[in-house]
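Thanks for asking me to look this one over.

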Amino acid sequence: MTLRKLGSFPLTIPYVALRGISTTCTNAATVNKNRLHVRVGRFKPSKDKSIALTYDESKPPYKIGLEKAWNSWNTSNLKGETRMSETLTDDVFIQNFLKGTWGLMQASDVVIKRRHNMIHIFMHILPKRDLQPIYFLLGYSEELLSSLLKCPVKLELQSVQKPRDLIFKYI
Amino acid sequence: MAASCGRIFRVLNNISISQTSFNLSGRIRSSYSKRCTLQQINRTSPSLLVEGQRRCMTTLQADDKNIPHEHPQKDIQGGDQEVLKLEIDTTEDEDIPDVLYSHLCIEVKGHDIAVLDSYEKFVQLASKCLGLTGYSVKRPKYDVLRRSLLRSVHIFKKHYVQYEQRTYYRVFNFTRTTGSTADTFLEYIQRNLPEGVAMKVTKHRLEALPDHLKPPKQKESISDS
């Protein structure tokens, strides 16, 4: 994550939360109990409030669907629908590809929406002074992903002036 | 009516609708009643386009004067917005007889019930605007897939947590539509289908009885026997 303070431990977040999963029990006691046991996607506060979190990172996984949305929107997890594992693998591939292509320019997680046969990818970037490389990378990503995934891919970027613009919370 | 619906279908087929609008306050008036109001209102910039074939965007003309719409008719002429009137070719459509559907069944499923609720409202409005009859909605019970996992990372085998995946359903039924109406309607519905929602369409087509099953024609003169 580009917003990490240098030298802090790597924070792993499950950015590939599967569509549609939620906890069954509505009983408050057991729900809270489960929240205590969830270790993934939650961060221990530091003493000097030095860890910066974006909005998505600050919300725990049980808030997905309530205050937080999925990173990947598709129909593969519905009953009677196929390609659950292929879609998931494609999503991980897309995320890795974009991380490698854009690198430090990538400011946020990648949101992947599948509509009909098209894949729309949404991302925040930190633009540099020179815009030509950004246009090149945009076209390059779209072309390569389209030919690798065998369907039209549209990459939609939103630029953020400073990394500080995306920070929601310090813990 | 078939020809006019064919016209509407042709128009929507070539146009990319790049904005989703849930407040359908307009109406596509069919041209057979001599009130054709489909117009290309303005030329959009390339960045807003979904497909680049025909660079245009349609909006539905507002019926009521109370409902404000973005492009009032006065401002169309002149300014930055160009007006292009559609030249619709109807010679092909009149030759081919239109297909008739006795029943159109659209099943929609998704994880989020709120999304399906809003999509239901959208479909209802769209069907009203396009004049489809026999609209009915069924809401079958959701299907669940549950898995029990250990709640704790280490030991505590007695304590589990259950995760589930729900699939909610909506079933829309329409009776007695023509082929062009159905095609137009389905195209509009499907273009605005939210991501994460799956759709299955079943069309029941009316066919003429095959010749070998038709009852014999009664002859005017009684036969020799």
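The points below cover the ground rules, chain A, the interface and the cores.

1. This is a predicted model, where local features need pLDDT of at least 70, side-chain atom pairs count only at pLDDT 80 or more, and totals for chains, interfaces and linings use all residues. Residues are numbered from 1 along each chain as its sequence is written, chains are lettered from A and ligands numbered from 1 in the order in which they are written, and side-chain values use heavy atoms, with hydrogens and water left out.

2. Chain A has four helices and seven strands (DSSP runs: H or I of at least four residues, E of at least two). Their order from the N terminus is β-α-β-α-β-α-β-β-α-β-β. Of its 171 residues, 37% are buried (under 20% relative accessible area, 1.4 Å probe, protein chains only).

3. Chain A brings 26 residues and chain B 23 residues to their contact (heavy atoms within 4.5 Å). The area buried between them is about 2200 Å² (accessible area, 1.4 Å probe, lost on being put together, summed over both).

4. Four salt bridges cross this interface (a side-chain nitrogen of Lys or Arg within 4 Å of a carboxyl oxygen of Asp or Glu). Lys113(A) and Glu195(B) form a salt bridge at 3.9 Å, N to O. On the chain A side, α1(A) gives the largest share, four residues.

5. The largest nonpolar core has 20 residues, and Phe185(B) is among those with the most contacts inside it (buried Ala, Val, Leu, Ile, Met, Phe, Trp, Tyr and Cys joined through side-chain atoms within 4.5 Å). A second, separate core of 18 residues includes Leu98(A) and Cys151(A).

Technical notes:
Buried means under 20% relative accessible area, exposed over 50%, partly exposed in between (1.4 Å probe, protein chains only). Buried area is the accessible area (1.4 Å probe) that two parts lose on being put together, summed over both.
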